[in-house]
Amino acid sequence: MKRFSLITRLGKTDAAKVNVLQRDSSVHELDFLDGDNRLAYGLGQALAQLASLGLTTPETAIDLALLAGLVNAADTRVSRDINAQGGWTREIDLYLPVSDPDLWSAHADHIGKMLRFLTGDRWRLFFRLRPKEASSLSVATDKLPLHGLDEVSLFSGGLDSLIAAIDSLTEGTHPLFVSHYWDAETAKAQSYLLERLESKFGDEAFKSMRVRLGFDRNALDTGQTEDTQRGRSFLFYALASLAAASFGTKTTVNVPENGLIALNVPLDPLRFGALSTRTAHPHFMASMQRLLDGLGLQVSLNNPYRHRTKGEMTEDCADKAYLRTIVGSSMSCSSPAKARYKGLSPRHCGYCVPCLIRRASLKAGLGSDDPTLYTVEDLSAQTLRSDRAEGEHVRSFQLMVARLRERPELAGILVHKPGPLIDAPAEIPAYAEVFRRGVLEVASILDDVNVKPG
């Protein structure tokens, strides 16, 4: 196992000596400024999009986005298989120039613990002053600030964010949607859905900021890649906070995620801990809120759907008739590109955990044929094997369903498995209930599906 040290540079003149704590670590440098001395890897374009709205971004929010970009680089270019303890835990040190090193250093331990909870890795963070040439990275604007935007909302192109967008726009709210993408399928879903929303609600109903950020070997040549990408959640929040902090007043960032996925209780021991994503887990959101408050950023995080199942979100959608016409273009699958291995165009697999929850939610909420294109169209048309991808998560859900049907009170215990819920103790009963309801919602599509051991 080898520790990695990633050093951020800001331009060709940034030659400050960085004393790497772990001298035998694998050291890599990453320059976040392009040849025109603008932020690279999509961050410059994000700032330009905000400037086009007449918004000026605080330097501390830019620091946060830079840190999130560096975390994403480490997360995607350092292999767990090669470097991790027990096949998972990596050790990574990050060195970043910021606008106020004392401010950031005061929160270094908190950030490390937060990232440990999110990714399962051991992170250490070290901050230094930005070089003089990069002391200000905000993009100047000569436009008047765009008035009327009420909030920022994450827009992934998935079903939850689509329902949230329809709810918000139908109610007359004027959001700024923030999206991150790297792969083509995510980009396609986001672009198409935003175009459809604009056609229905009008081009003044909302604004959007879409950021393509990722790191290939030309950016960071470690000779490795990693697909688990549990650190993406930190990037999502940082980009949304970049936008919200630019409003100049206390602004809410909505993180639309149904309660079952937000909690992401492991269905079996194989999905325990860091193997399950924690994007909207209450503890991570509370930890991120503490960081934003500590940095002085006027951003308030909120998941308005945390106590609802995906089916309940679908059922309660403010314009269900419109949702029915557009839902097939939303993307929930964890890896739609794997359909190519079967000679098919990219599509929902139909059997991963997000796909199973999606299937159940559309059945529960729309009560009609699911318009989604799945690789496995009918789960009950054949006997599935639990040692193969098509049956693994189906069987895990079936086992959890059996446990909760026999002992419903287990829900109150199991919701604590993914992480602590001490940040909002009064909500624990509601979390237990949404977990129980969510699992039983999925049961409705699995009771006639046969799975045998491999």
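These legends go with a few close-up views of a predicted model.

**View 1. Here is the largest nonpolar core, with Leu94 and Phe234 in the middle of the story.** This core has 76 residues, and the two that touch the most other members are Leu94 and Phe234. Helix α2 (residues 59–77) supplies the largest share of it, 11 residues. There's also a second, separate core of 40 residues, and its members include Leu260, Ala360, Val434 and Val449.

**View 2. This one zooms in on Phe234 and its contacts.** Which residues does Phe234 touch, once its neighbours within four places in sequence are set aside? They are Leu64, Leu67, Ala68, Val71, Met114, Leu115, Leu118, Phe284, Met288 and Leu291.

**View 3. Helices α5 and α10 pack against each other.** Helix α5 covers residues 108–119 and helix α10 covers residues 282–294; their axes come within 10 Å and cross at roughly 160 degrees. An angle over 145 degrees counts as roughly antiparallel, so that's how α5 and α10 are described. Their crossing is left-handed. On the α5 side, the contact is made by His110, Ile111, Met114, Phe117 and Leu118. On the α10 side, look for His283, Phe284, Ser287, Met288, Arg290 and Leu291.

**View 4. Helix α6 sits largely enclosed by the rest of the structure.** Helix α6 runs over residues 159–170, and its 12 residues reach 16 Å from first C-alpha to last, close to the 16 Å expected. Why call α6 largely enclosed? Because 11 of its 12 residues are buried. Among them are Leu159, Asp160, Leu162, Ile163, Ile166, Asp167 and Leu169. The buried residues pack against strands β5 (151–154) and β6 (175–181), along with helices α7 (184–201), α11 (310–315), α12 (320–326) and α13 (353–366). After α6 comes Gly172, with a positive phi near 90 degrees.

**View 5. Helix α13 is another largely enclosed helix.** Its 14 residues reach 20 Å from the first C-alpha to the last, close to the 20 Å expected at 1.5 Å a residue. Of those 14 residues, 11 are buried, so α13 is largely enclosed by the rest of the structure. The buried ones include Val353, Cys355, Leu356, Ile357, Arg358, Arg359 and Ala360. Ala360 also belongs to the second core of 40 residues. The cover over the buried residues of α13 includes α6, α9 (259–263), α11, α12, α14 (389–406) and α16 (428–443). Just past α13, Gly367 has a positive phi of about 60 degrees.

Notes:
Residues are numbered from 1 along each chain as its sequence is written. This is a predicted model: local features need pLDDT of at least 70, side-chain atom pairs count only at pLDDT 80 or more; totals for chains, interfaces and linings use all residues. Side-chain values use heavy atoms; hydrogens and water are left out. A nonpolar core is a set of buried Ala, Val, Leu, Ile, Met, Phe, Trp, Tyr and Cys residues joined through side-chain atoms within 4.5 Å. Buried means under 20% relative accessible area, exposed over 50%, partly exposed in between (1.4 Å probe, protein chains only). Helices (H or I, at least four residues) and strands (E, at least two) are DSSP runs, numbered from the N terminus. Contact means heavy atoms within 4.5 Å. The expected span of a helix is 1.5 Å times one less than its number of residues. Axes are lines fitted to C-alpha atoms, for helices over the stretch in contact, and angles run from 0 to 180 degrees between N-to-C directions. Angles under 35 degrees count as roughly parallel, over 145 as roughly antiparallel, 65 to 115 as roughly perpendicular and the rest as oblique. A crossing is left-handed if the near helix is turned anticlockwise from the far one by less than a right angle, and right-handed if clockwise.
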